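Subject: Structure handover

Hi,

Here is the structure I said I would pass on. Have a look at it first, and my notes follow below.

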Amino acid sequence: MWIGVVTLFPEMFGAVRDAGVVGRAVRTGVLGLELYNPRDHATDRHRTVDDRPYGGGPGMVMQVEPLLAAIAAAQAGWQGVAAAAGLPDGPAPVIYLTPQGKTLTQRRARALADLPAAILLAGRYEGVDERVVRLAVDQELSIGDYVLSGGELPAMVVIDAVARLLPGSLGNVASALEESHLDGLLDYPHYTRPEIAGGLAVPAELLSGDHAVVRRWRRKQALGRTWQRRPELLAGREWSAEDRALLAEFLSETAGTDGAIR
Ligand code: ADE
């Protein structure tokens, strides 16, 4: 997959580009990541990219022309990559990171990871001129109901969530398949050596060496934790008889404990 990011702060993206799963995906060519700075497309001597809002009020608004030019440069970048790789051309969808967007979910991350390319638009200041949204944005995406000072961290969140889903990007592809949220459940608890730490033992099921016992225990924990911590994730769920029994077992095992999250 190819991702172009339009940002006034390209240096921030070293944080994801150079390390971890995203860094590896970039190094191995699983992910192409290019940065486009609207300031490079400003036309005045001061390389201005923002101005005061019409109607007054605090802060600055990112101007139309430098942003459209940077988005066009990103589209051209993608066209070059697509042509060189013999991929079908066509514009990459432009995704604007904003608290006004739809919330990023694992499902939306998967949908993005299925695309050949995307352009992420990271806004700064009070936002971008609405005409950019009208003219060039296909989708608005939020990473949660809180306000950050810019779209760079949200764009990095999207890049991380997407990159780890790309075929060939994880050392252990199975872990992406198995883990949290994949079928709408929270993750089960994990343990490693030693068997006793801080006076606490690893659950016996995980030491049993019996794969079926381990699988059953993990599923039970995932169901139970979801029930306790994020019950809304279970609304509308189609329950198998086995899952129902596992949850009942979890609840009876934890009955009498305070159920507190630790
Ligand atoms: N820009 C500022 N806050 C944001 C958020 N929560 N999600 C996406 N983009 C943002």
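Let me start with Thr-226, which touches Gly-184, Leu-185, Leu-186, Pro-231, Leu-233 and Leu-234, leaving aside residues up to four places away in sequence (contact means heavy atoms within 4.5 Å). Thr-226 sits in helix α9, residues 211-229; helices are DSSP runs of H or I with at least four residues, strands are E runs of at least two, and both are numbered from the N terminus. Its relative accessible area is 0%, so Thr-226 is buried (buried is under 20% relative accessible area, exposed over 50%, partly exposed in between, with a 1.4 Å probe and protein chains only).

Before the rest, some housekeeping. This is a predicted model, in which local features need pLDDT of at least 70 and side-chain atom pairs count only at pLDDT 80 or more, while totals for chains, interfaces and linings use all residues. Residues are numbered from 1 along each chain as its sequence is written, and side-chain values use heavy atoms, with hydrogens and water left out.

On the overall layout, the chain splits into domain 1 (2-163) and domain 2 (183-254), with bounds from an automatic or database domain assignment. Taken over C-alpha atoms, the two domain centres are 38 Å apart.

Now the ligand. Around it are Leu-97, Thr-98, Pro-99, Leu-141, Ser-142, Ile-143, Gly-144, Tyr-146, Val-147, Leu-148, Gly-150 and Pro-154 (a residue is near a molecule if one of its heavy atoms lies within 4 Å of it). β5 (94-103) and β7 (139-142) each bring at least two residues to this shell, and β5 gives the most, with three. By type, the shell has eight nonpolar residues, four polar and no charged; Ala, Val, Leu, Ile, Met, Phe, Trp, Tyr, Cys and Pro count as nonpolar, Asp, Glu, Lys and Arg as charged, and the others, Gly among them, as polar.

Which backbone atoms come up against ligand nitrogen? A polar backbone atom of Thr-98 is 3.1 Å from a nitrogen atom of the ligand. For Ile-143, a backbone N or O atom lies 3.0 Å from a ligand nitrogen, and for Leu-148 a polar backbone atom is 3.0 Å from one (the cut-off for a polar contact is a pair of N or O atoms within 3.5 Å). On its own the ligand exposes 260 Å², and the protein buries 96% of that (Shrake-Rupley areas, 1.4 Å probe).

Cheers

Conventions:
Polar contact = N/O pair within 3.5 Å; in protein donor to acceptor, adjacent residues only side chain to side chain.
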